[in-house]
Amino acid sequence: MRAKGRNDPFDDMFRESLEATAAEFRAAMAQRLIPALTRVRDRGTPLRGVERYNSDGAARLRFADGSAFLVRPEGKAGLLPAVIAMHRGAAVLMTELLVEGGAMHAVLTWGGQHCVGCEILGGDQAD
């Protein structure tokens, strides 16, 4: 049996392999999601619902056209300001979509001056 040390070359190679595979998966997922996200942004499709997805802080965004995405909010307030605005009758829209490698970020805007950011984790099925 191998003694497990701090600088085990096998562990380093395994970790690098996993990271490379994860990066390829994120890039492929981004390429599949970009058309749907772009459609929501370009058409000005309003947000219709936000639901908690898991205990890790992820949420499901449901848009008026039936599309749904899993996101992780950025910032301390999370998506709460957008949810409050939506319930007060404001149109909350995805106005920006940033794609850098496999990472995707969106900005939700309402009232012309308020916004929140989120990381897109993936697509989801509308209920």
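Author: A residue is termed buried when its relative accessible area is under 20%, exposed when it is over 50%, and partly exposed in between, with a 1.4 Å probe and protein chains only. The model is predicted, so local features need pLDDT of at least 70 and side-chain atom pairs count only at pLDDT 80 or more, whereas totals for chains, interfaces and linings use all residues. Residues are numbered from 1 along each chain as its sequence is written, and side-chain values use heavy atoms, with hydrogens and water left out.

Side chains of opposite charge can pair when their charged atoms come close. The term salt bridge is used here for a side-chain nitrogen of Lys or Arg within 4 Å of a carboxyl oxygen of Asp or Glu. Across the whole structure, 6 salt bridges are found. Helices (H or I, at least four residues) and strands (E, at least two) are DSSP runs, numbered from the N terminus.

One of these pairs is Glu-51 with Arg-62, whose side chains meet at 2.7 Å, N to O.

Arg-72 counts as partly exposed, with a relative accessibility of 27%.

Arg-60 and Asp-124 form another salt bridge, in which the closest N and O atoms are 2.3 Å apart. Arg-60 is in strand β2 and Asp-124 in strand β6 (residues 114-124), so that 64 residues of sequence separate these linked, distant parts of the chain. Arg-60 is buried, its relative accessible area being 13%, while Asp-124 is partly exposed at 27%. Through salt bridges that share partners, Glu-51, Arg-60, Arg-62 and Asp-124 are joined into one network.

Next, a threonine in strand β5. Thr-109 is placed in that strand (residues 103-110) and is buried at 17% relative accessibility. Its side chain makes a polar contact with that of Thr-95 at 2.6 Å; such a contact is a pair of N or O atoms within 3.5 Å, where within protein one must be able to donate a hydrogen and the other to accept it, and residues adjacent in sequence count only if both atoms are side-chain atoms. Taking contact as heavy atoms within 4.5 Å, and leaving aside neighbours within four places in sequence, Thr-109 touches residues including Val-92, Leu-93, His-114 and Cys-115.

That brings in the cysteines. A disulfide is a covalent bond between the sulfur atoms of two cysteines, identified here as a pair of cysteine sulfur atoms within 2.5 Å. The count by this rule is 0 disulfides. The sulfur of Cys-115 is too far for a bond, because the closest cysteine sulfur, in Cys-118, is 11 Å away. Cys-118 is likewise in no disulfide, and it is buried at 1% relative accessibility.
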